[in-house]
Structures are given as C-alpha cells and as structure tokens.
Amino acid sequence: MPEIKPFRAQKRMKELMAGHFRGVDAAAKDPDRKVAWCTSVGPAELLHSFGFEVYYPENHGAMLGATRSAEKYIPLANALGYSPDICSYLTSDIGAFLAGETPLQRAYGLEGVPRPDVLVYNTNQCRDVKDWFSFYGRRFGVPVIGVNSPTGISEVTQAHVDAMVAQFKALIPTLEEVSGRRFDPDRFREVMRLSAETSDLWKECLWQASHRPAPLTFFDACILMGPAVVLRGTPEAVAFYKELLAELKERVDGGVAAVEGERHRVYWEGMPVWGKLRDLALFFQELRTAVVVSTYCNSWVFDAFDPAEPFESMARAYLELFIVRSDDAKERIMARLIEEFQVDGVVYHDAKTCPHNSNTRYGLPQRLKERTGVPFIVIYGDLNDLRCFSEEQAKTNIEAFVEQLGPGRAAAGG
Ligand code: SF4
C-alpha cells in the first residue's frame with residue numbers, strides 16, 4: 001500500500017503553528033498589542049517591524065479548504081453578493097465569518113478569528129484580496145491600506161521598483177498611528193534579514209527534490225510551507241527550516257524516496273486542490289510518480305530580499321514572483337525548473353475560481369511543450385470549491401497521462 005512518509009520536523013511545525021495562532025489571538029485581546037491582517041505576499045516584513053502580530057486570511061482560506069468545510073460556507077458569501085466565480089478562499093473565508101465558525105476553534109481552541117487593527121494588502125497576486133480585505137475593513141471599522149501592483153511583467157525594471165517603494169513608504173504614517181510606534185529602519189532591516197534567511201532555507205528545502213529519488217513532493221511541501229507563509233521574518237521560522245533541511249539532506253544521503261520506486265517526475269502548475277491533497281498524494285504514489293516541483297510552493301522564495309536595501313529589495317522580490325509575471329517570463333521560469341528538476345511531464349491545475357494562478361487559458365502549456373518537448377495535461381478543479389473538481393475524471397486523466405510518459409528520463413539516464 002502506498003504511504004506518505006511523515007517528517008520528524010512536522011511535530012515542531014505543529015507546535016509553531018499553534019504558537020502562532022495563539023499568539024495572534026492573545027494580541028487581539030490585549031489593548032496594548034496590535035494585529036495586522038496581511039495578504040500572503042504582502043509587506044509582512046514592514047508590519048513585523050512595527051511589532052504587529054500578523055494574521056493571513058489566505059492561510060485561513062486554505063485551512064477551510066483542507067478541512068473540506070468550504071462548501072458549507074461559500075453559499076453564505078454568495079448570498080451577500082460575492083459571486084461563486086470569484087476566489088473561493090475569499091467566499092469560504094467570508095462565509096465562515098458570517099457563520100461565526102473557524103477551524104481555529106477546533107485546532108487551537110480560539111473563539112474566532114483574531115480581530116484586526118489594520119488590514120494590509122498587495123494586489124500583486126489579484127484584485128480579489130483588496131475586495132476581501134475591504135469587507136473586513138467595513139465590518140470591523142478599521143483601516144484598509146495597501147499597494148496596487150503592476151502585473152503581467154516581463155522584466156522587472158527600476159521604474160517598477162521605484163513605484164512600489166513609494167507605495168510601501170506611503171503606508172508608514174497609518175502603520176505608525178495604528179501601532180503607536182515610530183518606524184524603526186534598523187528593526188525593519190533585521191526583520192528583512194530573518195525573512196531572507198527563511199526564504200533561502202525554504203528554497204534549499206524545496207530544491208532537495210531535484211535529487212533522484214526526491215526526498216519530498218509537492219504535497220509534502222504544501223504542508224511544510226506553513227511557517228514560510230505565516231512566520232517569515234521571525235527566528236522561529238529560520239530554526240524550523242534549518243531542522244527540516246537537515247532531515248531532507250539525511251533522506252537524500254540515505255536514498256530515502258518520498259515516492260517508493262520513483263519512476264516519473266512531474267511539475268504541478270497552479271493551486272493545490274486543498275480538500276484532496278492527501279488523496280492526490282496517495283494516488284501519485286500508486287503511479288510511482290513524484291511531483292517534484294511547483295510554482296505554488298516556490299511563491300514564498302524571495303531571492304531578491306536584501307537587508308541592506310530593505311524597501312527596494314522587498315519591492316523587487318514581490319514583483320519578481322511568478323504570479324506577477326507575463327506569460328513569456330513564466331515560460332522562461334518553468335523551462336528552467338523543468339530542466340533543474342528533470343521533469344518528465346507537467347500537470348496544470350486550472351482552478352475555476354482563481355484565473356490568476358491558472359496558466360492554461362492563453363496557450364502557455366502548448367508553447368512550453370513546443371519549447372521543451374515535455375508533455376502536459378490540464379485538470380480542471382478548484383482550490384477550495386470541490387463542486388468544481390471531479391476526482392474520478394482527474395484521476396483517470398492523470399493515470400492515462402502518466403502511462404503515456406513511458407519509462408521517463410530515469411531510464412534514459414537523464
Ligand atoms: S491568487 Fe487566487 S487563490 Fe489567491 S487570493 Fe487571489 S484569487 Fe484567491
């Protein structure tokens with residue numbers, strides 16, 4: 001029977017995540033401390049420098065997906081005018097709020113989501129985040145501020161960076177007022193240093209999957225990325241990824257495969273199907289196929305971070321992200337990863353409610369196949385709304401695709 005090999009570091013990760021949520025909850029109840037809600041690739045480093053506890057609604061959205069409770073909540077948001085066609089993180093999160101429920105109750109004993117003092121977005125990923133935060137801004141009567149980012153960028157230029165730096169700096173007066181603290185450039189540099197270190201370590205962890213056999217898969221990484229998302233900029237995240245990296249290197253040295261008898265190596269492009277993460281992980285195990293790389297988990301790798309130039313490097317890092325780029329840049333990035341990770345095929349997930357992270361709609365898969373010779377398949381589903389995902393059909397298609405891959409690069413010594 002296929003099995004998912006757990007990591008020793010997961011125990012530490014659970015403690016860290018529990019500490020994070022309880023910490024934000026305690027801050028929300030303490031009049032002397034402040035909570036900021038932030039988008040997943042928003043300026044969290046700046047917020048930490050002001051001493052905010054930072055909470056990420058997208059992470060909460062993913063929890064709703066993973067616990068398969070999203071479908072219960074989505075209709076409540078739909079009834080308020082939030083369409084079933086827009087981000088299902090947004091609709092499930094707002095729906096759960098309207099129902100007064102959260103998986104944080106059961107997992108960590110919280111009464112509800114921690115109340116924000118300010119909400120800070122970055123539209124580098126999509127406009128949905130701004131609308132999402134605006135809902136809560138109205139509900140809680142607190143400021144909603146953020147940066148409006150260009151998207152579809154081929155090459156990040158100095159003009160792009162300068163425009164974003166100006167917007168980041170314009171957030172400071174509101175953050176000073178809400179936090180009651182003056183902006184401290186030294187503290188900001190220190191948070192950037194910790195965030196850069198977290199990012200470098202996370203990248204090194206992910207890149208262990210370029211070894212054959214891969215010691216971890218995309219499905220493992222979707223779980224293990226928790227601290228890179230919610231704790232970047234903290235010493236705890238740095239310590240965690242050092243521990244995980246050591247464990248991964250042990251696996252590589254011992255030839256321990258995440259997928260026993262690894263035969264094929266594929267790329268997962270697009271969002272995870274959170275409610276089916278485990279089922280899909282086991283299914284790929286059965287097919288002896290390791291999903292070795294994804295643009296999704298790479299979204300928390302910020303190569304440009306440089307504490308010596310905190311504003312400029314933060315702006316550059318948040319513009320260089322895959323989701324912010326044009327199709328020609330995305331093709332270049334994917335072609336490089338296909339080579340680095342010795343990929344035999346690409347699985348694209350077209351997520352119904354996230355066009356921003358579905359790269360299947362303008363001919364990219366076809367062009368990339370022409371460029372690399374690597375075949376692809378598109379499966380249709382969603383990040384949270386399982387009504388859009390036919391598990392049976394997806395599995396049938398994936399199985400046929402993997403069969404067609406033949407003996408793969410391993411047999412060719414590639
Ligand atoms: S990028 Fe997609 S999943 Fe993420 S917040 Fe935007 S619409 Fe939702």
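Guide: Start with the largest nonpolar core, which has 128 residues. Ala36, Leu47, Tyr267 and Val343 have the most contacts inside it. The model is predicted, so local features need pLDDT of at least 70, side-chain atom pairs count only at pLDDT 80 or more, and totals for chains, interfaces and linings use all residues. Residues are numbered from 1 along each chain as its sequence is written.

Visitor: What makes a set of residues a nonpolar core?
Guide: Its members are buried Ala, Val, Leu, Ile, Met, Phe, Trp, Tyr and Cys residues, joined through C-beta atoms within 7 Å. Buried has a cut-off: 20 or more other C-beta atoms within 10 Å of the residue's own; 12 or fewer is exposed, and in between is partly exposed, with C-beta atoms placed from the backbone.

Visitor: Which helix gives the most to this core?
Guide: Helix 10 (residues 185-207), with nine residues. Helices (H or I, at least four residues) and strands (E, at least two) are DSSP runs, numbered from the N terminus. The core also draws at least three residues from each of domain 1 (9-184) and domain 2 (187-412). Those bounds come from an automatic or database domain assignment.

Visitor: What is Tyr267 in contact with, beyond its neighbours within four places in sequence?
Guide: Val293, Ser294, Leu337, Ile338, Val343, Val346 and Val347. Contact means that the C-beta atoms of two residues, placed from the backbone, lie within 7 Å.

Visitor: Why is Ala170 called exposed?
Guide: Ala170 has 11 C-beta neighbours inside 10 Å, so it counts as exposed. Ala170 lies in helix 8 (residues 158-170).

Visitor: And why is Lys249 called partly exposed?
Guide: Lys249 has 15 C-beta neighbours inside 10 Å, so it falls in the partly exposed class. Its place is in helix 13 (residues 235-253).

Visitor: Why is helix 3 said to be largely enclosed by the rest of the structure?
Guide: Eight of its ten residues are buried, so the label holds. They are Pro57, Glu58, His60, Gly61, Ala62, Met63, Leu64 and Gly65. Their cover includes strand 1 (35-38), helix 4, helix 5, helix 6 (103-108) and helix 7 (128-140). After helix 3 comes Arg68, with a positive phi near 55°.

Visitor: Which residues are around the ligand?
Guide: Glu58, Cys87, Tyr89, Gln125, Cys126, Asp128, Val129, Met271, Cys354, His356, Asn357 and Leu383. The test for near is a C-beta atom, placed from the backbone, within 6 Å. By class, the shell has seven nonpolar, three polar and two charged residues. Ala, Val, Leu, Ile, Met, Phe, Trp, Tyr, Cys and Pro count as nonpolar, Asp, Glu, Lys and Arg as charged, and the others, Gly among them, as polar.

Visitor: Why is the ligand said to lie between the domains?
Guide: Both domain 1 and domain 2 give residues to the shell, so the ligand lies between them. The domain centres, taken over C-alpha atoms, are separated by 23 Å. Their contact takes 48 residues from domain 1 and 46 residues from domain 2.

Visitor: How do you know that the chain agrees with a compact globule?
Guide: With 414 residues, such a globule would have a radius of gyration near 22 Å; the chain has 21 Å, so the two agree. The radius is taken over C-alpha atoms, and the rule is 2.2 Å times the number of residues to the power 0.38. Buried residues make up 48% of the chain.
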